[in-house]
Amino acid sequence: MYLQMTAPCLLGLEGLVSDELKQMNAENVVAENGRVFFEGNENILCRANINSRFAERILIVLDRFRACTFEELFQGVKSLPWSEFIGSKDTFPVKGYSINSALHSVPDCQRIIKKAVVESLKQDYGISWFEEIVPVHKIHF
């Protein structure tokens, strides 16, 4: 599976993280303020998680889209392939930030994203209640 990923890091360390990822043969490495985007398969994901000395963590980017309303946020999140990453009994807390966004209420965004993921998983798994036992898959926005 080919994945787009990001490595959040402290400001000023983007160049070091970028160099590390390039040495690990990551593809399309692009440094931004406080994070580095890159692409690759599961092997790069594992190597980056184990070997990166400067990245805070490695996150899988499912999509990037513009949402000016809560309805656009809901529909954009619902359309993502959540069942490829989250099982029918998995826990998936939602956390994130709202910086320079019309959707400035973080608690509202969390609720809408959680509801959209649940609706998507309901369709894929054909169940109406999620126990959320284990394991934990954190959703960041």
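Trainee: Which residues lie nearest the centre of the largest pocket, and how many line it?
Mentor: Arg35, Asp63, Lys95, His140 and Phe141 lie nearest its centre, and 41 residues line the pocket. A pocket here is an open set of points on a 1 Å grid over the protein atoms alone, where a 1.4 Å probe fits, with protein on both sides within 12 Å along at least five of seven lines; lining residues have an atom within 4 Å of a point.

Trainee: What kind of model is this?
Mentor: This is a predicted model, where local features need pLDDT of at least 70 and side-chain atom pairs count only at pLDDT 80 or more, while totals for chains, interfaces and linings use all residues. Residues are numbered from 1 along each chain as its sequence is written, and side-chain values use heavy atoms, with hydrogens and water left out.

Trainee: Which one gives the most?
Mentor: β4 does, with 3 residues.

Trainee: How do the lining residues divide by class?
Mentor: There are 24 nonpolar, 9 polar and 8 charged. Ala, Val, Leu, Ile, Met, Phe, Trp, Tyr, Cys and Pro count as nonpolar, Asp, Glu, Lys and Arg as charged, and the others, Gly among them, as polar.

Trainee: New topic. At what angle do α3 and α4 pack?
Mentor: The angle is about 35°, and the axes are 8 Å apart. Axes are lines fitted to C-alpha atoms, for helices over the stretch in contact, and angles run from 0 to 180 degrees between N-to-C directions.

Trainee: Which residues make that contact?
Mentor: From α3, Phe70, Leu73, Phe74, Val77 and Lys78. From α4, the list includes Asp108, Cys109, Ile112, Ile113 and Lys115. Contact means heavy atoms within 4.5 Å. By class, the α3 and α4 contact has 9 nonpolar, 2 polar and 4 charged residues.

Trainee: Is Asn25 buried or exposed?
Mentor: Asn25 counts as exposed, because its relative accessibility is 58%. Buried means under 20% relative accessible area, exposed over 50%, partly exposed in between (1.4 Å probe, protein chains only). Asn100 is exposed too, at 84%.

Trainee: What about Ser18: buried or exposed?
Mentor: Ser18 is buried, with a relative accessible area of 6%. Ser18 is placed in helix α1. Leaving out residues up to four places away in sequence, Ser18 touches Val29, Ala31 and Val36.

Trainee: Now the whole chain. How many helices and strands?
Mentor: The chain has 4 helices and 6 strands. From the N terminus on, the elements run β-α-β-β-α-β-α-β-α-β.

Trainee: How many of its residues count as buried?
Mentor: Of the 141 residues, 35% count as buried. Along its principal axes, the C-alpha trace spans about 45 × 35 × 20 Å.

Terms used
Helix = DSSP H or I, 4+ residues; strand = E, 2+ residues; numbered from the N terminus.
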